[in-house]
Amino acid sequence: MAVYPTKYDVIVVGAGHAGCEAALAAARMGCRVLMMAMDLDKIATMPCSPSIGGMAKGQLVKEIDALGGEMAKVTDKTAINYRKLNTKKGPAVHSSRTQNDKNRYHTVMKSVVEKIPNLDVKQARVDELVVENGKVAGVMDHTGYGFEAKTVVLATGTFLSGLVHIGSRSFKAGRAGEFASYALPESLRKLGFSLGRLKTGTPPRLHRSSIDFSKMSRQDSDHPAEPFSYSSQGFVLPPQPSYIGRVGKKTIQIVLDNIKLSALYGGQITGTSARYCPSFEDKVMKFPHRDSHQVIFEPEGIDTDEIYASGLGNSLPVEIQLEVVRSVEGLECAEIMRPAYAIEYDYVNPTNLSPRLETKKISGLFLAGQINGTSGYEEAAAQGLWAGINAACRVQDRPAFLLDRSQAYMGVMVDDLVTRGTSEPYRMFTSRAEYRLMLREDNADLRLTEIGHELGLVSADTVNEVKDRRKQIHDEIHRVRKVVIKPTPEVNRYLQDHDSQAIDNGMHLDQLLKRSELDYVIVDTLAPADEPVDKRVVRQVEIEVKYEGYIHKQLKEIEKFNDLEDKKIPEGFDFNALHGLSNELKEKLTIVRPLSLGQASRMDGMTPVALSILMIALKARAGK
């Protein structure tokens, strides 16, 4: 086998959102990196919705940015619509979402990866992993050419044994119009990995001029709009509106009449579908009591007339798709530019991974993104960053990069995956995070920037700015708590004007700020600081004061969580020797190999009794 002369520290297979973050992180940490893609014109493409963020996903993007990743920066340069979701609820679930110019996102990210020192980019299809003595040694491409590396990150998306379905027709593809990879999954099987099968899909794209938007409700971008990245000054592209429509009984009946022609319900698809992002025919079949469903029409970019029809994803024949589309109000004359389709692909159950996202079978082999059973650009990017950092740490003999469930949403995601595994496409939700009040969008930089700096991914100037802001927040909270507001006529008039109860005695300013009907304006009005307070400081002061009781309670819960996390399980611990555990639980413990009692407690099937048995055994071992 001919071998490329350069030996790499890290090879990243795949150039989607996971692959880009992995390659950039490892290169910025000083490793020599090679990123390999089947088509360099598809780097960081958006094959489904051209959008970034959303509920819980926005938190992931903010965390990627705080650690020194790239997704948020590229998002801000290419956003054409911005919305803050869940603003009527508490700050724990506020999430940002942008609609992005699909082509610009790809070209901006491609430009970034091409300009980073230490990072080579090559077009090739990787067909085989090279493994020596249980350790990865490189890869071999489809021409038989070899590339040597100390570590490899697989970020293969939907390309492993990819099979696209449109009605009764199926064809091999990683995405519509792109080659699939069938040799690489076979290589993984030969190495002892058991692969599962998942299914996702995408809706039709419609021609803008063929849509009557007057029959829909218009949804404009928020103004002012807050950028994703802490380093961005704002968005650069002109905002574009989206439109909301609805499908009715007529459309639903067309699907019901033709359901057997759907690849999903006709028996062609064997992979497990995403429960939380169902296709249109899935909605019709699983929610028969509903006679209407929402559809959102979003532009794919400024320089294209393609409109993304979110909510109409299906695997019906094209002629039925056209009938479905034209039965929707406003789409009577709609032209389909690209049909909807479903796609099946292989994945590796993530219980095969350590918390580094490194495989337990093969040292130096890391997996990130949809190969781990997840869905979504944001989940993929977060895993890519995680795996890329850990690959670099492996090469540089540095401690593993690990965040726990109390530190970050990405810590929740990785723990969920490696502890519980998944049999369906995994999607991040705010409800998965027990400590979500502490893991807000607005404090991701306060939580994680210093960690990014320690890794070499965040500049000293950025860290100093964050430290300074943290001090400002502390000082302003302390000041607000000290100030006493007296019950003067002017004060009570202000309170009454804001539908707030008047006061009879002096009251500390923080107690007034706790009132739901009041905000920081009362501080500026009744007891302003000597110098203007930065709006990011104001936001933190408001949250810290208003939610003080909840925050204190959550901090106590985190203390208990950390007590279990601190009780480590030694490497090589023999779970089969534990008396009193079921054989099923012993087998699960042996597969997952939890690092701590905390991780063991979150495993499926773990009981309080079983956890006590494990705790006693660890104490006995420690006492020897």
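Two strands pair if DSSP finds at least two bridges between them. Strands (E, at least two residues) and helices (H or I, at least four) are DSSP runs, numbered from the N terminus. The model is predicted: local features need pLDDT of at least 70, side-chain atom pairs count only at pLDDT 80 or more, and totals for chains, interfaces and linings use all residues. Residues are numbered from 1 along each chain as its sequence is written, and side-chain values use heavy atoms, with hydrogens and water left out.

**View 1. Strand β5 and its pairing with β3.**
Strand β5 spans residues 95-100. Strand β3 (residues 51-53) runs antiparallel to β5, joined by 3 bridges. Ser51 has Gln99 of β5 as its bridge partner. Strand β5 is mostly covered, with 5 of its 6 residues buried. Buried means under 20% relative accessible area, exposed over 50%, and partly exposed in between (1.4 Å probe, protein chains only).

**View 2. Strand β4 against β5.**
Strand β4 covers residues 79-85. Its pairing with β5 is antiparallel and counts 6 bridges. Lys84 stands opposite Ser96 of β5. In a regular strand, side chains alternate between the two faces of the sheet.

**View 3. The crossing of helices α2 and α3.**
Helix α2 holds residues 57-66, and helix α3 holds residues 71-78. Their axes come within 7 Å and cross at roughly 115°. That makes α2 roughly perpendicular to α3. Axes are lines fitted to C-alpha atoms, for helices over the stretch in contact, and angles run from 0 to 180 degrees between N-to-C directions. Angles under 35 degrees count as roughly parallel, over 145 as roughly antiparallel, 65 to 115 as roughly perpendicular, and the rest as oblique.

**View 4. Residues at the α2 and α3 contact.**
Contact means heavy atoms within 4.5 Å. From α2 come Val61, Ile64 and Asp65; from α3 come Met71, Ala72 and Lys73. By class, the contact has 4 nonpolar, no polar and 2 charged residues. Ala, Val, Leu, Ile, Met, Phe, Trp, Tyr, Cys and Pro count as nonpolar; Asp, Glu, Lys and Arg as charged; the others, Gly among them, as polar. Helix α3 is largely enclosed by the rest of the structure, because 6 of its 8 residues are buried. They are Met71, Ala72, Val74, Thr75, Asp76 and Thr78.

A disulfide is a pair of cysteine sulfur atoms within 2.5 Å. The count comes to 0. Cys31 is buried, at 1% relative accessible area. Its sulfur lies 8.4 Å from the closest cysteine sulfur, in Cys393, too far for a bond. Cys277 is exposed, at 54%. The closest cysteine sulfur to that of Cys277 is in Cys48, 6.7 Å away, again too far for a bond.
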